[in-house]
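Open the structure in your viewer and keep the sequence panel beside it. The stops below say what to select next and what is there.

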Amino acid sequence: MVWFFDVQADGFSLTQTRRPVPENDLPEALRLWREWVKPRKDGWQEAATTEKSWTATLDQIREAGYNLTAVHYNPNPKEQLEHEPPAVLLRRLKAQHEAILDSIGDLLELVEPEGEVK
């Protein structure tokens, strides 16, 4: 059995300076790991399954072609976002840019006196 934990924050910012931040999943991951591997008199301990942790059996891993990508076994997958194609986004950006330039032109006409050289 393989135990997975989705670390979303490690206590440091994602900036180049890596400054400390309050969000930190590592203590929870360590606590759950220690609980899972703690020796038991009654045998194997089932790993904690939470929003951020889950397990995969050897059979599941074998069926997946030994793929150890954690998200493949996550029972609570994150919602997949649908993105528009880049060309659509660029056309929209270009139209917005042109509208802004038109508005700037209209404003210039309002503030420039008649006959002033542009």
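Buried means under 20% relative accessible area, exposed means over 50%, and partly exposed lies in between, with a 1.4 Å probe and protein chains only as cover. This is a predicted model, in which local features need pLDDT of at least 70 and side-chain atom pairs count only at pLDDT 80 or more, while totals for chains, interfaces and linings use all residues. Residues are numbered from 1 along each chain as its sequence is written, and side-chain values use heavy atoms, with hydrogens and water left out.

**Stop 1: Arg18 and Asp10**

Select Arg18, in the loop between β2 (10-12) and β3 (20-24). Helices (H or I, at least four residues) and strands (E, at least two) are DSSP runs, numbered from the N terminus. Arg18 is partly exposed, at 32% relative accessible area. Its backbone has a positive phi of about 50°, although Arg18 is not a glycine. Most residues other than glycine have a negative phi.

The side chains of Asp10 and Arg18 form a salt bridge, at 2.5 Å from N to O. The term stands for a side-chain nitrogen of Lys or Arg within 4 Å of a carboxyl oxygen of Asp or Glu. Asp10 is partly exposed too, with a relative accessible area of 27%.

**Stop 2: Pro20**

Move on to Pro20, in strand β3. Pro20 counts as exposed, at 67% relative accessibility. Pro20 and Asp10 are 10 residues apart along the chain, and their C-alpha atoms are separated by 9.0 Å. Which residues does Pro20 contact, leaving aside its neighbours within four places in sequence? They are Gly11 and Phe12, where contact means heavy atoms within 4.5 Å.

**Stop 3: Thr55**

Select Thr55, which lies in strand β4 (residues 53-56). Is Thr55 buried or exposed? Thr55 is buried, with a relative accessible area of 17%. Neighbours within four places in sequence aside, Thr55 is in contact with Met1, Val2, Trp3, Glu46, Ala47 and Gln60.

**Stop 4**

Go to helix α2 (residues 58-63), which holds both Asp59 and Arg62, 3 residues apart, or about one turn of the helix. Asp59 and Arg62 form a salt bridge, with 3.0 Å between the closest N and O atoms. Both partners are partly exposed: Asp59 has a relative accessible area of 47%, and Arg62 has 40%.

Next select Tyr66, in the loop between α2 and α3. Tyr66 is a residue other than glycine with a positive phi, near 65°. Tyr66 is exposed, with a relative accessible area of 52%.

**Stop 5: helix α3**

Select Lys94 and Glu98. How far apart are the closest N and O atoms of the salt bridge between Glu98 and Lys94? They are 3.8 Å apart. The two residues are 4 apart in helix α3, so about one helical turn separates Glu98 and Lys94. Lys94 counts as exposed, at 53% relative accessibility, whereas Glu98 is partly exposed, at 39%. The structure holds 5 salt bridges.

End with Ile100, in helix α3 (residues 86-111). Select Ile100 with Leu101, Ile104, Leu107, Leu108, Leu110 and Val111: these form a nonpolar patch on the surface, with about 720 Å² of accessible area together. Patches are made of residues with over 30% relative accessible area and no salt bridge; like charges are joined within 9 Å, and nonpolar side chains (Val, Leu, Ile, Met, Phe, Trp, Tyr) within 5 Å. Accessible areas come from the Shrake-Rupley method with a 1.4 Å probe, and for residues only the protein chains shown count as cover.
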